[in-house]
Amino acid sequence: MQKIVVEGGAALNGEVQISGAKNAVLPILCATLLADAPVAITNVPHLHDVVTTAKLLAELGAGITIDEGTIAKGSAITVDPTTVHSQVAPYELVKTMRASVLVLGPLLAKYGSAEVSLPGGCAIGSRPVDQHIKGLQALGAEITVENGYIKAHRNGRLKGARFVFDVVSVTGTENVLMAAVLAEGTSVLENAAMEPEVVDLADCLNALGANIEHAGSGRIVVHGVERLHGGTHDVLPDRIETGTFLVAAAMTGGRVTVRRARPDTLDAVLDKLRDAGAEISVDGDRITLDMHGRRPRAVDLTTAPHPAFPTDMQAQFMALNSIAEGVGVINETIFENRFMHVQELQRLGADIRVEGHTAIVRGVERLSGAPVMATDLRASASLILAGLVANGTTTIDRIYHLDRGYENIEEKLSALGANIRRISG
Ligand SMILES: CC(=O)N[C@H]1[C@@H](OP(=O)(O)OP(=O)(O)OC[C@H]2O[C@@H](n3ccc(=O)[nH]c3=O)[C@H](O)[C@@H]2O)O[C@H](CO)[C@@H](O)[C@@H]1O
Ligand SMILES: C=C(OP(=O)(O)O)C(=O)O
């Protein structure tokens with residue numbers, strides 16, 4: 001089992017390139033199933049979840065060609081959906097990655113039926129898919145849940161409809177959006193997720209011949225088309241990876257420029273970093289954060305759907321507050337169990353009190369290194385950040401979570417001056 005070892009104390013300085021977004025590339029890979037010809041996707045990050053999705057598409061019969069590319073350019077994946085012969089997404093693949101449920105809408109819309117294993121919960125919460133199912137039913141799908149599988153089929157084409165999501169769901173919006181693309185007539189998706197990754201998916205689908213309007217707003221309009229052609233799409237830069245490096249710079253008192261980022265997707269995060277005392281400048285696709293050697297100030301925040309503060313940055317700001325001046329109050333409103341990192345940060349000496357969905361963090365002058373256990377993806381990132389400023393050595397176990405969503409994080413941090421390495425055993 002691999003671990004990450006961090007020796008704390010170095011301020012981060014330099015430039016780092018941001019990879020393509022995990023949460024954009026996964027729905028886009030699934031969306032290729034809707035096309036009638038090969039689709040080439042570029043700026044694909046090297047992530048475990050990308051490999052799992054490629055395996056799933058291959059299991060369905062799609063042809064997958066991977067061009068490893070370079071770190072500078074990201075890699076490219078071409079999916080040829082013309083050979084798809086199965087509509088079953090098995091538990092073995094879906095259980096390792098919740099985003100596998102994103103093949104449901106495309107398989108149903110294009111091939112008339114789909115059997116997709118229920119993804120189940122994960123460390124951060126129960127993660128139901130009722131909104132995915134209700135939205136597809138609104139388009140005319142017949143859906144049952146049996147033996148742990150969502151079994152969906154349609155008689156004739158799906159029919160455009162108005163659907164109001166009860167809760168804002170990112171992958172729920174994506175699944176229903178993908179199905180609506182090939183439906184007959186117009187669909188209106190109300191209370192839709194406004195995340196930049198939904199917009200990137202819609203941009204990709206429109207490049208393949210779909211007719212989607214107002215993605216990025218809470219009311220997406222989809223005029224159904226009969227078919228999608230092949231094409232290419234360059235994946236959006238990862239705003240959560242971007243935010244994670246900026247928090248690392250802020251916590252260590254350093255100066256870091258992230259390049260190939262999308263600053264316009266990070267307003268709420270950049271505002272909080274400014275509140276923490278960071279000087280931030282934006283120049284095109286580059287963001288520079290300069291902390292001038294200062295200790296950050298604690299910040300209060302509440303997670304909520306985009307454009308508010310993202311839940312996927314909550315753990316990283318918990319790490320920042322742990323060593324900040326003052327007291328920061330963090331409210332988690334998206335996932336009921338997303339404070340698993342608290343106990344591990346406490347092992348490093350953090351002063352955190354949890355009351356329901358609220359964590360009250362009183363900054364301490366210094367954390368001290370210890371062996372800790374990663375519980376989920378962003379929890380892993382928060383432990384690395386804490387390790388960067390802790391006295392001595394922090395060893396992080398169960399880092400397979402990290403490899404789901406961060407490309408070469410230890411190499412990128414090393415290049416910025418961090419003392420971090422991966423070990424086996
Ligand atoms: C692959 C991907 O893009 N993952 C992101 C996506 O996850 P994901 O799409 O799974 O998260 P959702 O936006 O669906 O979840 C938001 C909230 O809605 C609830 N809910 C969701 C669906 C549903 O059918 N019923 C329901 O009640 C969830 O329990 C949660 O409380 O958005 C999350 C919230 O920004 C991020 O943390 C994840 O990184
Ligand atoms: C929770 C996350 O991802 P997923 O929805 O893929 O579990 C995340 O990216 O932080």
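This is a predicted model: local features need pLDDT of at least 70, side-chain atom pairs count only at pLDDT 80 or more; totals for chains, interfaces and linings use all residues.
Me: How many residues surround ligand 1, and which are the closest?
Reply: A residue is near a molecule if its C-beta atom, placed from the backbone, lies within 6 Å of it. Here 22 residues surround ligand 1, with Asn23, Gln131, Ser169, Val170 and Thr171 the closest.

Me: Which helices each supply at least two residues of that shell?
Reply: Helices are DSSP runs of H or I with at least four residues, strands are runs of E with at least two, and both are numbered from the N terminus. The helices are α1 (22-31), α5 (130-138) and α6 (170-181).

Me: Is Gln131 buried or exposed?
Reply: A residue is buried if 20 or more other C-beta atoms lie within 10 Å of its own, exposed if 12 or fewer, and partly exposed in between. Gln131, in helix α5, is buried because 21 other C-beta atoms lie within 10 Å. UniProt, in an unreviewed entry, lists Gln131 under "binding site", and Pro128 is also listed there; such annotations may be inferred rather than shown by experiment. Pro128 is in the loop between β7 (113-117) and α5, and counts as partly exposed because it has 15 C-beta neighbours inside 10 Å.

Me: Which residues is Cys122 in contact with, leaving aside neighbours within four places in sequence?
Reply: Two residues are in contact if their C-beta atoms, placed from the backbone, lie within 7 Å. On that basis Cys122 is in contact with Arg98, Arg127 and Asp376. The unreviewed UniProt entry lists Cys122 for "active site". Cys122 is found in the loop between β7 and α5.

Me: In what order do the four strands of the open sheet stand?
Reply: Strands of a sheet pair through backbone hydrogen bonds, either parallel or antiparallel. Two strands pair if DSSP finds at least two bridges between them. The order here is β6-β7-β9-β8, with mixed pairing. β6 (88-89) and β8 (142-146) stand at the edges with a single partner strand each, so one side of each has no neighbour in the sheet. β6 and β7 are parallel, paired over two bridges, and Val116 in β7 is the bridge partner of Ala89.

Note on methods: Residues are numbered from 1 along each chain as its sequence is written. Chains are lettered from A and ligands numbered from 1 in the order in which they are written.
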